[in-house]
Amino acid sequence: MAVPLLQVEGLELALRAGRSWLTVVEDVSFAIAPGEAVGLVGESGAGKTLTGLALLGLLPRELFRAAGRVRLEGEDILSLPERALRRLRGRRISMIFQEPMTALDPVFTVGEQIAETLRAHTGLSPVAAKARAVEALAEVGIPLPARRAEDYPHQLSGGMRQRVMIAIALACEPRLLVADEPTTALDVTIQAQIIDLLLRQVSARGTALLLVSHNIGVVRECCSRVVAMYAGQVVEDAPVDALLERPLHPYASGLLRSHPRFAPHRARLPSIGGRAPAPGAMPSGCRFAPRCAHRTTGCEAPQPLLPLEGRAVRCHRAAALDLPGAVP
Amino acid sequence: MSAPLLRVQDLRVAFPLRDSGDTLKAVDGVSFDVAEGETLGIIGESGSGKSTLGRAIVALLRPDAGRVELAGEDLFALPAPQLRRRRHAMQIIFQDPHAALNPRRRILDSVREPLDIAGEGSPAERTARALAMLARVGLDQAQAARFPHELSGGQKQRVNIARALVRRPRLLVADEATSALDVSIQADILNLYLDLQAEFGLTYVIITHDLAVAMHVSDRLAVMYLGRFVEVAPAATLEQAARHPYTRALLAAEPVALPSRLVTGARMPLQGEIPSPVDPPSGCRFRTRCPVAEPRCAAAEPAWRQVAPGHRVACHLVEGAAC
């Protein structure tokens, strides 16, 4: 890979629990090249949303402690003071969320919210920022943009609100967009529209994308690489097609195979069984071992993320296992 | 086929809107049968009226017109006390497993409650029956003594299933009952649904926006758009030979987790959003978003046509015998 745009190295996040700290994300490392689209997948509690928030320094410092390195264009941004982070957010790295209603300010029109972002990061005059905001709404496919710019968020549908969020996030041409479940709250036909829009917009600008999602189908449509997380750690980092064809980590395989598509009609689905461990009760060795059908001696030892076949995988048996993927 | 367990005829549910004086026609003329032991899946997006339909089927909502018959009995013709005595036969499970449980009651008490209200058996027998049903859905005695917040989402949905089944209903309606769960937990819950259906001879109506889930568990599927069904077919037929443009668009819009070489067909996202059910389009309701709409689609409502045994479509552009 060329010089990465973003490089995450050994990221560790701990949550304050009374007087002690509870590690919720541990040893997370991955990189994103300029313009690359990477999916960060996992189930609830895997740590993918916290990882995304940490990249923008959005985790409250009184509650979370971060260690490791997050380099954006070579600069370590994890330890930047809040003032510097504020200059960074929106202009070099920005974020959209699952529920645009809570991310938009209900008492300002959507036009004002885009114009405010522009004025905060560029020298645009109020008039020019307003005109640019209307253009931005047109670019994200909002009909009658001049009139919609005068609307408040509650006057728009969920799909339209997510279009506005994309317009705000991309207004200052950031190098990286972190999108956390951007289509999860939307109907499938609207989801298809938003995915198309998002991909068109990031590719037109050469913006890199980190798509945080529980939906591997959405990640396949948007991304060329996928980073799979389980219990606070990266378990596999691979090209999307390679992971779908032949996953190397047993959890990735189990997750893919539990989709209803791969069982005969009305037959029992293959199930991983059990539940992910809670933070504070993590197994000392492989965190997936208690649920793993391929568990053997050696799994009691902590598993490092190691390179294999051009990927990275956290399983000492990966080379020996031949696991089924998302292939009927 | 013998007499269906559930028969819904020309069902209509409208909600008056306080501010404007308009009415929102959530369900606007829906008819279908479900045989004993069968699973009917109802697929639709937000605003299609699928949840309102589900509530009307189990008599949580009184329709404005039409009939719901359970085992030949017209539910809404029954006097209130008799309807109450039928309620144990039809149960519904909702999407949010937490909201459906009283946070201040222990799991066992929540599951025992339907038996307590019905006054069935002695208190000891009721406890035994509740514990047995909890065990059947995979929760042990220690878990039965806990409060809802001490359980995971999947475990709470198991509790809701146990509570719905503890009085042995004949019909179970599941409204997005696995939508809030992670894929690996969803698989466990879907397996449980299938096992319980076989064991208790249950009839299911599965309401969901998730095509893959609906296709896996359903014998037949109905696709709903703006208060009406647009296509009804056996699950395999719908997957391979859907005829209604809306059904085809839904199938094409679903992002599939398959390697690129196995993904067929170009995506053609539908334009626009679902119109307001307060003022639905004239003629075919889908015509404003339909890629193949013609002038006649605005003029008249499409009639139901049978294109194959058990496969009905409401579209002007589909040839078939009127039905």
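**Close-up views of a predicted two-chain model**

**View 1. Packing of helices H4 and H7 in chain A.** In this predicted model, helix H4 (residues 110-121) of chain A packs with helix H7 (residues 158-170) of chain A at an angle of about 20°, and their axes lie 9 Å apart. Because angles under 35 degrees count as roughly parallel, H4(A) and H7(A) are described as roughly parallel to each other. The crossing of H4(A) and H7(A) is right-handed.

**View 2. Residues in the contact of H4(A) with H7(A).** On the side of H4(A), the contact is made by Val110(A), Gln113(A), Ile114(A) and Thr117(A), while H7(A) contributes Val164(A), Ala167(A) and Ile168(A).

**View 3. The contact between chain B and chain A.** Chain B gives 33 residues to this contact, and chain A gives 39 residues. On the side of chain B that touches chain A, the elements giving two or more residues are helix H7 (183-200), helix H8 (211-217), helix H9 (235-241) and helix H10 (245-253) of chain B. Of these, H7(B) provides the largest share of that side, with seven residues. The residues of chain B that form this side divide into 20 nonpolar, seven polar and six charged.

**View 4. The annotated span of chain B.** According to UniProt, in an unreviewed entry, residues 6-251 of chain B carry the feature "domain: ABC transporter". Within the model, the end C-alpha atoms of residues 6-251 of chain B lie 28 Å apart, and the span is 39% helix and 26% strand.

Definitions and conventions. Residues numbered from 1 in each chain as written. Chains lettered and ligands numbered in written order. Predicted model: local features only at pLDDT ≥ 70, side-chain atom pairs only at ≥ 80, totals over all residues. Axes fitted to C-alpha atoms, helices over the stretch in contact; angles between N-to-C directions. Helix = DSSP H or I, 4+ residues; strand = E, 2+ residues; numbered from the N terminus. Parallel < 35°, antiparallel > 145°, perpendicular 65-115°, else oblique. Left-handed = near helix turned anticlockwise from the far one by under 90°. Contact = placed C-beta atoms within 7 Å. Nonpolar A, V, L, I, M, F, W, Y, C, P; charged D, E, K, R; others polar. UniProt positions renumbered as here; feature names shortened; annotations may be inferred.
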